[in-house]
Amino acid sequence: MPVITIAGNDGIKIEKKREMVKKVSEVVAEAYDLPIDAITVLVQAYPKESIGVAGELLSDRK
């Protein structure tokens, strides 16, 4: 059973999260030739003060 982890900043709306999980699940199920119910997607959301890019926190970026 494939497990896909998507990590990013928080703020994605629940409707978009549902859409993303569905689309990712469909693509992975097709690639592995498995039923969609064999696919697990974990969405990890981090606050901007917990993500660093280019040496600075996202919360500090303008």
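**Close-up views of the predicted model**

**View 1. A54, a residue in a loop.** A54 is exposed, with a relative accessible area of 72% (exposed means over 50% relative accessible area, buried under 20%, and partly exposed in between, for a 1.4 Å probe and protein chains only). A54 is found in the loop that joins β3 to β4 (56-57) (strands are DSSP runs of E with at least two residues, helices are runs of H or I with at least four, and both are numbered from the N terminus). Although A54 is not a glycine, its phi is positive, about 55°. Most residues other than glycine have a negative phi.

The model is predicted, so local features need pLDDT of at least 70 and side-chain atom pairs count only at pLDDT 80 or more, while totals for chains, interfaces and linings use all residues. Residues are numbered from 1 along each chain as its sequence is written, and side-chain values use heavy atoms, with hydrogens and water left out.

**View 2. D33, after the helix.** D33 follows α1 and sits in the loop between α1 and β2. Its phi is positive, near 55°, and D33 is not a glycine. D33 is exposed, with a relative accessible area of 71%.

View 3. Helix α1 covers residues 14-32, 19 residues in all, and at 1.5 Å a residue it should span 27 Å (the expected span is 1.5 Å times one less than the number of residues). The C-alpha atoms at its ends are 27 Å apart, which agrees. Within α1, the residues S25, V28 and A29 are buried. They lie on the same side of α1, because they cover an arc of only 100° around the axis (the arc is that of the directions from the helix axis to the C-beta atoms). On the face turned away from this buried side are the exposed residues V27, E30 and A31.

**View 4. The helix against the strands, and the core.** The buried residues of α1 pack against β1 (3-9) and β2 (40-46). The largest nonpolar core has 5 residues: I4, V28, A29, I39 and V41 (a nonpolar core is a set of buried Ala, Val, Leu, Ile, Met, Phe, Trp, Tyr and Cys residues joined through side-chain atoms within 4.5 Å). Apart from neighbours within four places in sequence, I39 is in contact with P2, I4, S25, V28, A29 and L34 (contact means heavy atoms within 4.5 Å).

**View 5. Confidence along the chain.** The chain has a mean pLDDT of 96, and 100% of its residues reach 70 or more (pLDDT is the predictor's confidence in each residue, from 0 to 100). Among the elements, α1 has the highest mean pLDDT (98) and strand β3 (residues 52-53) the lowest (95).
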